[in-house]
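User: Can you take me through this model?

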Amino acid sequence: MTANKDLTNVNFSAAKILVVGDVMLDKYWHGSASRISPEAPVPVVKVNNIDHRLGGAANVAKNLVALGCQVTLLGAIGNDDAGKIILDLLQIQRVSHQLLTFKNFSTTTKLRVLCKHQQMIRLDHEDELETIDLENLKGIYDLFASEISNFDTLVLSDYAKGVLYNPRPYIEVANAFGVTVVIDPKSTDFSLYRGAAIVKPNLTEFEKIVGKSATLEIMVEKARDLLNQHGIGCLIITRGGDGITVVPATGAATHLPALSNEVYDVTGAGDTVLAVLAAGISSGLDIVQITRLSTIAAGLVVSKVGTSSVSFQELKNAVKQSDDLRFGVMPEAELCDVIKQSQARGEKVVFINGCYDFIHYGHIRYIERARALGDRLVVGVNTDASVKRLKGPDRPMYNEQQRMEVLAALKAVDWVVMFDENTPGRLVESLNPNIIAKGDEHFKSVDQIPAAEGVEHVLRNGGSVHLISRTPDCSSSKMIEFVNENQ
């Protein structure tokens with residue numbers, strides 16, 4: 001895959017993707033509830049609108065079509081009303097498909113009752129896995145085997161409804177044809193996914209296999225063990241509001257924050273992420289770029305109500321907006337959002353802090369070395385009140401606004417923000433940088449840095465801490481003392 005492609009110029013039209021999996025119908029009953037039933041302590045919903053949408057593998061295929069990909073969907077429906085609705089929706093959405101109609105099989109349907117966009121209850125209609133006729137499933141595999149050579153990526157969308165009870169033959173045949181395999185798994189037996197390029201569990205699914213992880217570092221270690229044990233190329237773990245973690249079999253892991261201004265409905269967000277991953281890998285993007293696109297798309301889709309898709313133009317506009325980062329002196333709350341955007345682009349954010357009352361050559365060298373540790377640099381600056389507490393009543397020489405503006409003018413500095421505490425621990429937890437840098441004039445090893453500096457938070461979240469050598473004979477205090485003595 002090609003790295004560092006300009007995401008605003010990505011074109012998915014050449015991507016040829018085959019989707020195989022569990023096809024479902026998502027039903028929505030929208031209404032209002034203004035009273036409690038006299039029969040039981042439950043709200044009475046007056047239904048005023050009914051909506052049908054594609055779900056499961058069909059929603060993945062719909063998302064891929066919306067992104068401009070060439071797509072074919074393989075799966076099964078029942079000979080029932082829900083199956084007929086799915087066929088109509090696929091035609092309306094222009095999704096190419098080869099769906100088999102099974103007798104004595106009910107189309108999986110999820111009915112959600114909503115009041116003012118709030119889900120009240122979900123009712124599922126589906127057959128048990130044990131009732132699926134294996135001969136019927138062979139028909140889907142035969143279609144797959146005859147089609148796979150026409151595609152460059154295979155998506156397996158498994159909702160544990162039967163179609164992918166054994167994904168191994170699909171992966172093996174795809175690998176034989178040089179087709180990249182991307183999987184949304186349901187089984188806890190990851191040996192079934194040997195040979196897949198990308199497997200995308202959510203955090204709950206991942207923890208069912210390896211158990212809970214106290215830190216992101218431990219989670220990455222467990223993920224890499226899973227990859228190496230089962231011959232999988234990369235795990236992409238979706239962590240809800242905490243973002244997405246990318247763990248390749250070799251190389252560094254990447255943690256990208258979630259991006260969404262408002263969350264209305266998370267239904268189908270995993271399908272959107274899966275679709276963007278497949279579109280990206282088919283279009284030659286590297287894994288971090290692919291995942292960055294996925295976080296942006298997920299942020300768009302959860303701001304919609306119900307199972308939804310993201311169009312290519314929506315994604316392109318959102319990418320452009322996320323590229324337009326703001327820089328300079330910034331309030332803490334605003335900077336938190338900007339840093340999330342930067343990290344969603346795959347950039348590593350470095351944090352340093354200090355009073356910076358009398359900036360000299362040693363400061364400049366230190367700032368440049370800190371910036372070289374990552375892609376962006378944020379400088380936390382003590383307020384005038386905290387400088388007085390730390391340095392004495394005659395300091396600072398320059399007020400906080402002057403000090404911040406001087407720092408912001410430096411080429412190596414991306415953002416400057418104030419904090420009023422003596423130590424920056426709270427600010428670090430708020431900004432959540434990837435890297436902390438400290439001068440070695442205060443600490444001889446990372447282990448000596450106190451928790452109040454925020455290092456434990458960064459390490460716990462998969463970041464790193466570095467010591468930078470000070471420049472000899474450069475001291476603000478000595479320079480200020482010299483100036484005062486020679487006035």
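User: What share of the chain's 487 residues is buried?
Analyst: Buried residues make up 51% of the 487, where buried means under 20% relative accessible area with a 1.4 Å probe, protein chains only. This is a predicted model, where local features need pLDDT of at least 70, side-chain atom pairs count only at pLDDT 80 or more, and totals for chains, interfaces and linings use all residues. Residues are numbered from 1 along each chain as its sequence is written, and side-chain values use heavy atoms, with hydrogens and water left out.

User: What does the chain average in pLDDT?
Analyst: The average is 86, and 89% of the residues score at least 70; pLDDT is the predictor's confidence in each residue, from 0 to 100.

User: Which elements have the lowest and highest mean pLDDT?
Analyst: Helix α16 (residues 476-485) has the lowest, 56, and helix α4 (residues 168-176) the highest, 97. Helices are DSSP runs of H or I with at least four residues, strands runs of E with at least two, numbered from the N terminus.

User: How many of each are there in the chain?
Analyst: The chain has 16 helices and 19 strands.

User: Switching to Thr204: where is it found?
Analyst: Thr204 is in helix α5, residues 203-210.

User: Why does Thr204 count as exposed?
Analyst: Because its relative accessibility is 52%, and exposed means over 50%.

User: How far apart are Thr204 and Gly240 in space?
Analyst: They are 9.9 Å apart, C-alpha to C-alpha, and 36 residues apart in sequence.
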